[in-house]
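Here is a short briefing to read alongside the sequence and the 3D view.

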Amino acid sequence: MSDLQQLYQQVILDHAKQRYGNRPLLGGTGIDRSPQFGSSHQVNPTCGDEITVEAEIDPGTGALTVRWDGQGCSISMASASVLTEIAEDTGPEGFAAAEAAFHTLMHSRGQGEADEDVLGDAAAFQGVSKFPARIKCALLSWMALKDALAQAHAAGGDHA
Amino acid sequence: MLSAAEVQRIRNDFPILAREVGGSPLVYLDSGATAQKPQCVIDAELDFYAHRNSAVHRGAHSLAVEATDAFESGRTAVADFVGAGIREIVWTKNATEALNVVALGLAHAAAGLGGPEAQRYRIGPGDSIVVTEMEHHANLIPWQQLARLTGARLRHLPLTDDGHLELGDLEEIVDTTTKVLAFTHASNVLGTINPVERLVARAREVGALTVLDACQSVPHLPVDLAALDVDFAAFSGHKMLGPTGIGVLYGRAELLDTLPPVLTGGSMITTVDMESAEFMPAPQRFEAGTQPVAQVAGLGAAVGYLSETGMADVAAHEAEIAGILVEGIDRVPGVRRIGPDASAARIASVAFDVEGVHAHDVGQVLDDAGIAVRVGHHCAQPLHRRYGLTATTRASASVYTTAEDCERFLTALAGVRPFFGVS
Ligand SMILES: Cc1ncc(COP(=O)(O)O)c(C=O)c1O
């Protein structure tokens, strides 16, 4: 596989098209929402790409719902889609573990080994780490969800 | 016009053009961001450090004299190149700094600095500053800051759908309250060359100062700043085959002598006591601190190179390249170009949107074929917003760009949407 094909793995191209979690945001709509709610807006200043990610935790079940909207390149959109899947499947703790692993992978300069058990589809982003200019694209939504989750936890009085 | 053989000879002067990227010969179509350097520019910096390095305008030893010579002959070369007097050329770090020196100089005057001579620059509530919707952030944000600092109102000339300034309301927007009209000579995104004469005429009618962003004109067209009759102009060395770290502020001599300096300190004063200081006349009053002398030597070599090539020939060559790029891009399915047609007055800077593929992804696929283009907002977010976009891909040329570069770029561009499976 060429570097370019490694960068744009089919999984990534698919997620960039079928964007999981890309749906209307709750923020400012007045729609009822859980008190454990956080929203984070992140911008990539080099290209003007932006994303808003919302985290909503159901106070009863602890289930996490992620909503996001934004515009950006296929790497950033696919990354947001993959992250939504992971976060909703594995909850805040699973996301925290994946986030740490993803961060390490992105800064591995192409040398990192992706742990598919922790990262799921996000393992396909391994090729991105060879392209320093694109790492920010991949990390943008992760930073946003991390921030949104911190707000949701704080709002819910959950200091875990 | 430069023949193909002449362009080839020119290319041989640029060592970087011989390199490969990812196994393909480099196609460099990002000269609008920064131009490549001919060997003579690289040599001029090297030669300065190897043989003449010393502080300028200080000290009486032989090296200091030679270094000062190199520094001042660079100024003469640049002044001649743009139709200015040597006292009208101020060194800055880049065009951004030059534009800030003007905007903040006016703010200093508004705050009362500069004595009675600087009163003419006073700007405040009730006054207006006019820019255009196509400005690079470097010629927008300093004016936003000036408006904030002084209470003046910031207005702008809007854009037409085809990438020209909409001048229908020029008389209404540039009115008797206007103290500054700041605009770019050529757009770094759209490629449009603006009607300087008409804009300057209107500014003169209402007594506004004119500030020309010449970043994208001086490297590509014959420019005579005195003939254009602008009050101030700014451009960057690195975009005109010269080094980074050196830029130029041009100002009409009588204006530079009275505009309050923003950077103060050593080398710009006549007498200093513990309370106050007297400033030197221009250009020294704007050149505080140790200057980028080697970079000036390099820029001197760059304008020498451009003059020898002939700016009329450079412009004609780049007009041909602009035509190939514009017409070629317009033929690629699913690509929407912004900016004027090939028949308009334009430079070879061509921006476009590939439907369904983000500019970052376009740039990545082109890079895989060894083709360097710029992606993003090109420091012109309001311009992009005007066309409903956040980012575009831009191909931009210089004197060394060939028709073959364009063909390789156009072929790769045609492959972008198929690569991502959009149609
Ligand atoms: C039209 C225009 N103005 C201003 C600038 C700023 O130049 P610099 O970054 O060298 O200060 C640029 C270059 O990016 C430009 O293209």
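**Chain B at a glance**

In chain B, residues 24 or more positions apart account for 71% of the contacts with a separation of 6 or more, where contact means heavy atoms within 4.5 Å. Please keep in mind that this is a predicted model: local features need pLDDT of at least 70 and side-chain atom pairs count only at pLDDT 80 or more, while totals for chains, interfaces and linings use all residues. Residues are numbered from 1 along each chain as its sequence is written, chains are lettered from A and ligands numbered from 1 in the order in which they are written, and side-chain values use heavy atoms, with hydrogens and water left out.

**Build of chain B**

- Chain B has 15 helices and 17 strands; these are DSSP runs numbered from the N terminus, with helices being H or I of at least four residues and strands being E of at least two.
- The radius of gyration of chain B is 22 Å, which agrees with the value near 22 Å for a compact globule of 423 residues; it is taken over C-alpha atoms, and the globule rule is 2.2 Å times the number of residues to the power 0.38.
- Along the principal axes, the C-alpha atoms of chain B fill a box of roughly 70 × 55 × 35 Å.
- Of the 423 residues in chain B, 58% are buried (buried means under 20% relative accessible area, exposed over 50%, and partly exposed in between, with a 1.4 Å probe and protein chains only).

**Build of chain A**

- Chain A has five helices and three strands, and along the sequence they follow the pattern α-α-β-β-β-α-α-α.
- Chain A is as compact as a globular protein of its length, because its radius of gyration of 15 Å is close to the 15 Å that the globule rule gives for 160 residues.
- Buried residues make up 49% of the 160 residues in chain A.

**Around the ligand**

- The ligand has 13 residues around it, of which Thr96(B), Asp213(B), Ser236(B), His238(B) and Lys239(B) come nearest (near means that a heavy atom of the residue lies within 4 Å).
- Oxygen atoms of the ligand lie 2.5 Å from a polar side-chain atom of Thr96(B), 2.9 Å from one of His136(B) and 2.7 Å from one of Lys239(B).
- Taken alone, the ligand exposes 390 Å², and the protein buries 89% of that.

**Residues worth a look**

- Asp361(B) sits in helix α12 (residues 359-368) of chain B and is buried, with a relative accessible area of 2%.
- The side chain of Asp361(B) makes a polar contact with the side chain of Tyr8(A) at 2.8 Å; a polar contact is a pair of N or O atoms within 3.5 Å, and within protein one must be able to donate a hydrogen and the other to accept it, with residues adjacent in sequence counting only if both atoms are side-chain atoms.
- Leaving aside neighbours within four places in sequence, Asp361(B) is in contact with residues including Cys73(A), Arg134(A) and Phe420(B).
- Ile141(B) belongs to helix α5 (residues 141-150) of chain B and is partly exposed, with a relative accessible area of 39%.

Definitions and conventions
Areas by Shrake-Rupley, 256 points an atom, 1.4 Å probe, with all protein chains shown as cover.
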